[in-house]
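Student: I would like to learn how to read this model, feature by feature.
Tutor: Look it over, then ask.

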Amino acid sequence: MATYDPKFPRTHYDNLVDDEWTRLTRTRHGELSFLVHMDVLRTYIKESMSVLEIGAGAGIFTKELVHMCNRLVVGDISKAQLDANRANMGDLGVLNCVGEYRELDLADLSSLHPVSFDAIVCVGGPLNYLMEKESVGIQQMLRTLKSGGVVILGVMSLINSVVRLMRFLPALKRNRGMANTRWLLETGLQDQEHSPDTEHFCHMMTSIDADALLDLDSVEIVEKRAAGLLGMAGEEELNAVKADQDLWNLVVERELAWSKLPGAIDLGDNILYVVRKR
Ligand SMILES: C[S@@+](CC[C@H](N)C(=O)[O-])C[C@H]1O[C@@H](n2cnc3c(N)ncnc32)[C@H](O)[C@@H]1O
């Protein structure tokens, strides 16, 4: 597997500030994914909790978590994302609800006290950047979590990405060749060796990859959800549905219900796991 280098996700997200704040509001697909994430957060995050949000980005979930828990620490590898998060929380008048902002790499959370959080929220794919350190990232979160605490983990789904990027596959094959295209589809790995034309190095996962990472005596998998499942319909179709509020409500209801089906788990844009530390 490719070697993790923190400079790649840091540089990528330092250059992506404006896009990140609207990533789940500018499309109906994003809206559906947001609603599934919120359903999970509302179920597991309680008022009394001390929460770490790692890979918080511009603050799409920070702005919700500030109202849901007792103390919130916001971390990200990208200083630009943390600055944007601070600015966005300031604009919303909730900056004083964030306990602390920390520049943190998921691969090394040693600057945090062990056993100090009731919940860790790591959604939107920070783990997908860790390459050979994916297991290290899981262990780092478990180290900082109290016994009985939960990690809410979201990873980018390989199958959903391939479906949505299908139209780019012919160009991909032309640019990278058949062997490298096959590598990407089979492994989900966009790494230095096989994808030299990008610096967005990441590992898009199937649920088998994530299940293997979480197959640990120290954790119990409480729930798995597909987020953004019905987004595969396409924006034009979703916009037509959204024009009729009753119809949109029905589709949202189905998204939330079907996101729990075992057969749907790989089809959302992100696969959400709720794991409890024993
Ligand atoms: C797609 S964004 C998701 C942001 C936010 N969680 C959300 O769902 O909107 C991924 C975030 O993970 C952060 N990230 C990537 N690799 C990371 C790492 N190794 N440690 C901490 N954060 C990381 C990026 O800087 C970026 O802000």
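Student: Which residue is the bridge partner of Asp76 in β3?
Tutor: Glu103 is the partner of Asp76 there. Strands (E, at least two residues) and helices (H or I, at least four) are DSSP runs, numbered from the N terminus. Two strands pair if DSSP finds at least two bridges between them. Here β2, residues 71-76, pairs with β3 in the parallel sense, over four bridges. Gly75 stands opposite Arg102 in β3.

Tutor: A word on the model before we go on. It is predicted: local features need pLDDT of at least 70, side-chain atom pairs count only at pLDDT 80 or more, and totals for chains, interfaces and linings use all residues. Numbering starts from 1 along each chain as its sequence is written.

Student: What does β2 pair with in the parallel sense over five bridges?
Tutor: That is β1, residues 50-54. Gly75 turns up again: in β2, Gly75 is the bridge partner of Ile54.

Student: How many residues of β2 are buried?
Tutor: Five of six, so the strand is mostly covered. Buried means 20 or more other C-beta atoms within 10 Å of the residue's own; exposed means 12 or fewer; partly exposed is in between; C-beta atoms are placed from the backbone.

Student: How do I describe two packed helices?
Tutor: Give the angle between their axes and the distance between the axes. Helices α8 (169-176) and α9 (178-187) pack at about 125 degrees, with axes 7 Å apart. They are therefore oblique to each other. The classes are roughly parallel under 35 degrees, roughly antiparallel over 145, roughly perpendicular from 65 to 115, and oblique for the rest. From α8, the contact uses Leu169, Leu172, Lys173 and Arg176; from α9, Met178, Asn180 and Thr181.

Student: Where do Val115 and Met131 lie?
Tutor: Val115 is in the loop between β3 and β4. Met131 is in the loop between β4 and α6 (134-144). Each is a residue other than glycine with a positive phi: near 55 degrees for Val115, near 50 degrees for Met131.

Student: Is Val115 buried or partly exposed, and what about Met131?
Tutor: Val115 is partly exposed, because 13 other C-beta atoms lie within 10 Å. Met131 counts as buried because it has 20 C-beta neighbours inside 10 Å.

Conventions: Axes are lines fitted to C-alpha atoms, for helices over the stretch in contact, and angles run from 0 to 180 degrees between N-to-C directions. Two residues are in contact if their C-beta atoms, placed from the backbone, lie within 7 Å.
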